[in-house]
Amino acid sequence: MNIPTPALVAQRAAQPLPRWALWLFCAAYLLPGVVGRDPWKNADLTAFGVMAAMAEGRISWLSPSLGGLPVDTALLPHWLGAAFIWLLTPWIDAPMAARIPYALLLALTLALTWYATFQLARTEAAQPVAFAFGGEATPVDYARALADGAILALMATLGALQLGHETTPELAQLASVALAVWALAAAPFRGLRPRLAILAALPLLAACGAPAMAMALGAIATLLCARSGFDAVRRFMPWVAAATLAAALVGATVHSWAWRIDADVLTGLPRIGRLLVWFLWPAWLLALWTAWRWRRHLQHRHISVPLAVAGLAVVASVAMGGSDRALMLGLPGFAVLAAFALPTLKRGTSAAIDWFSVFFFSACAIGAWVVYAAFQTGVPAKTAANVAKLAPGFSARFSLVSLLFAIAGTVAWIGLVRWRTGRHQHALWKSLVLPAGGVALCWLLLMTLWLPLLDYARSYRPWTERLARHVPAGACVVTRGLPLSAVASLEYFGRWRVVAHSRGTTELRSEGSCQVLLVSEIRGRPQPAPAGWRLVARENRPTDRDEVTAIYRRP
C-alpha cells in the first residue's frame with residue numbers, strides 16, 4: 001500500500017538558498033579559528049603535539065608518543081596533520097598548517113550531507129503531495145531546497161561548534177560517516193561511485209579510531225539494503241558487507257578497538273540527557289518532529305538511513321557514559337532528519353524557532369561585545385573586574401582586522417534578522433537560517449573579539465612561559481602526573497626535551513641526565529620533595545587555580 005507523504009510544498013517554497021549566501025554561511029562557519037589560534041588544552045593540544053612531533057622527526061610515525069609516554073590513538077588522522085605541517089611550515093606556523101586539513105574535512109562533511117539529502121529527497125516516497133491543479137514543487141527543486149536546509153541544520157547544531165573545529169581524529173571519523181551516508185543515499189542513482197565510497201568510508205572510519213562504530217554502521221546498512229524496494233540498493237548489499245569486513249580487518253590491524261561500555265550508565269542518565277538536549281540543538285527537535293510526521297514512512301530510505309545513523313550515535317554515546325565525541329558522529333543523520341521536518345512544520349513552530357534564535361543569539365552577541373569593550377577599555381568596570389578575576393594577568397591586545405570582521409558579522413546578522421522577520425518568507429529552509437546564522441555569528445565573535453582572551457584561558461602557552469622563568473632553554477625536563485596536553489606544550493612551546501611519567505610513578509627515567517623535575521599537585525595538598533631534588537617554585541595556569549606544577553632542580 002502506497003501511503004501518501006505528509007508534505008505539501010508549492011513551487012515557490014522550493015526556491016534554493018542563493019549560492020552566494022550559502023557560500024558565505026559556510027565561510028563564516030569554517031574559517032574563523034583556523035588562523036591565529038593556539039591549540040587548546042586536552043584533546044586538541046594532545047593531537048597537535050603528536051602531529052608536530054611526527055613532522056619534526058622527534059617521534060616515530062608508527063608509534064606516537066609524548067615525552068616517551070605512548071599515545072593510544074588513531075594514526076591516520078595524525079599522519080594527515082603531520083603531513084600538512086611538514087609541507088607548509090616553511091610558510092605558515094604549525095598550528096595553522098595542522099588545522100587546514102581538518103577544516104577541509106569539515107567542509108567535506110557539509111558537502112556530503114548536502115548531496116546525501118539531495119539524493120534522498122529525490123526518491124518517490126519523499127516527494128510532496130501533488131496538487132489537484134498543479135503548482136507543487138518539482139523533484140529537483142524540492143530536493144535542492146531540503147539539501148540547503150540540511151547544511152543549515154548541521155551548522156546550527158551547537159555541539160559541532162568546538163569539536164568540529166579541533167584537530168582531533170573525531171573530525172576524520174565524522175567525514176567518514178558523512179561519506180557512508182552519501183553512499184547509502186546515492187546507491188540507486190550513481191552507479192559505481194557509491195560502491196567505491198562505501199568501500200572507502202567504513203575502513204577509513206575504522207582506521208580513524210572507530211572500528212566498532214564502522215562495523216555497527218555496516219551491519220545496519222546491510223539490513224537496510226536487504227529490505228529495500230530498489231533492486232539497485234539490494235545489489236548494493238554485498239558491497240556494504242565487504243566494506244564491513246574490511247573495517248574489521250583494518251581495526252584489527254591498527255589495534256584501534258577503543259570502544260567501551262560505561263558501567264555507570266544508569267547513574268549518569270540525567271547528565272547524558274542534558275548533553276543530548278544542548279549538543280544536538282536544534283536538530284534533535286526537528287528530528288523528533290520528522291519521526292512523528294513521517295512515522296508511516298520509517299521503512300523508506302529517506303527516513304531509515306539518517307535515522308539509523310543518528311540512532312546508532314545516540315546509543316554509542318549513552319553506552320560510553322555520555323561521550324560527546326561519539327554523539328558527534330550522528331550529526332549528518334540528525335541534519336538530514338531535520339531537513340525533512342521543514343516541509344511539515346507549522347507556522348507557529350517556525351515562528352517560535354525564529355524568535356528564540358533572534359533573542360538568544362542577539363543576547364550572546366551583545367554579551368560578546370560588552371566583554372570585549374570591558375577588557376579593551378575597562379568599561380563597564382564590573383565586567384572588566386570579572387574578566388581580571390577569571391583571567392588574572394591577562395593583557396588585552398587590539399587587532400583592527402579582527403574588529404572589522406566582527407563588525408561585518410554583526411551587521412550581517414542584523415540584516416539577516418530584518419530579512420527573516422520583515423516579511424513572510426516561503427522557502428523551506430527559512431526556519432534554519434537564523435539558528436545557523438546565529439551560531440556562525442557567535443563563533444566569528446569568539447574567534448575575533450575574544451580570541452586573545454580564549455587563548456590565554458585555554459592554551460598552555462602562558463603556563464609554559466611561566467615555567468620558562470625557572471627552566472633553562474633547551475633543558476631536559478622530567479615530569480610526573482602532567483596530562484599529555486601539558487607534555488605536548490612543554491615539547492612544542494617550551495622546546496624542552498621531556499621525559500614524562502604518569503601519576504604515581506616512583507622511579508624516574510633519565511634521572512641522571514635531567515636537571516629539572518615538574519610534578520603535578522593539587523592546590524592545598526603539596527607533596528614532599530623527591531629525594532635528590534630541591535623545590536624552586538610552584539606555578540599554575542593563570543585560569544586554573546586547582547592544578548599546581550611544582551618545579552624542582554638538583555641541589
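Helix 4 (residues 94–121) gives the most to the lining of the largest cavity, namely four residues, where helices (H or I, at least four residues) are DSSP runs numbered from the N terminus. The model is a predicted one, in which local features need pLDDT of at least 70 and side-chain atom pairs count only at pLDDT 80 or more, while totals for chains, interfaces and linings use all residues. Residues are numbered from 1 along each chain as its sequence is written, and side-chain values use heavy atoms, with hydrogens and water left out.

Rolling a probe the size of a water molecule over the atoms shows where empty space is left. A cavity is here a set of points, on a 1 Å grid over the protein atoms alone, where a 1.4 Å probe fits but cannot get out, and its lining residues have an atom within 4 Å of a point. Grid points are joined across faces, edges and corners, and a volume is the space filled by probe spheres set on the points. A search of the whole structure on these terms finds four cavities of 30 Å³ or more.

The largest cavity has a volume of about 90 Å³ and is lined by 14 residues, of which Val34, Arg99, Ala103, Gly164 and His165 lie nearest its centre. Its lining has seven nonpolar, four polar and three charged residues, with Ala, Val, Leu, Ile, Met, Phe, Trp, Tyr, Cys and Pro counted as nonpolar, Asp, Glu, Lys and Arg as charged, and the others, Gly among them, as polar.

The second largest cavity holds about 70 Å³ of space, and the residues that line it are Leu184, Ala187, Leu224, Cys225, Ser228, Val233, Phe236, Arg301, Ser304 and Val305. Helix 9 (211–226) and helix 14 (301–319) are the elements that give two or more residues to this lining, and helix 14 provides the largest share, three residues. By class, the lining of the second largest cavity has seven nonpolar, two polar and one charged residues.

Helix 4 also takes part in a helix crossing: its axis and that of helix 16 come within 10 Å and cross at roughly 45°, where axes are lines fitted to C-alpha atoms, for helices over the stretch in contact, and angles run from 0 to 180 degrees between N-to-C directions. Helix 4 and helix 16 are therefore oblique to each other, a term for angles that are not under 35 degrees (roughly parallel), over 145 (roughly antiparallel) or 65 to 115 (roughly perpendicular). Thr113, Thr117, Leu120 and Ala121 of helix 4 make the contact (heavy atoms within 4.5 Å) with Pro332, Ala335, Val336, Ala339 and Phe340 of helix 16.

The axes of helix 5 (residues 139–156) and helix 16 (residues 331–341) come within 8 Å and cross at roughly 130°, which makes helix 5 oblique to helix 16. On the helix 5 side the contact includes Leu146, Gly149 and Ala150, and by class this contact has ten nonpolar, one polar and no charged residues.

Most residues other than glycine have a negative phi, and most peptide bonds are trans. A cis peptide bond joins Trp281 and Pro282, with omega about -5°, and Pro282 sits in the loop between helix 12 (269–279) and helix 13 (283–293). The bond from Val379 to Pro380 is also cis, with omega near 0°, and Pro380 is found in the loop between helix 17 (347–377) and helix 18 (381–390). Asn42, although not a glycine, has a positive phi of about 75°.

Methods. On a 1 Å grid over the protein atoms alone, a cavity is a set of points where a 1.4 Å probe fits but cannot get out, and a pocket is an open set with protein on both sides within 12 Å along at least five of seven lines; lining residues have an atom within 4 Å of a point.
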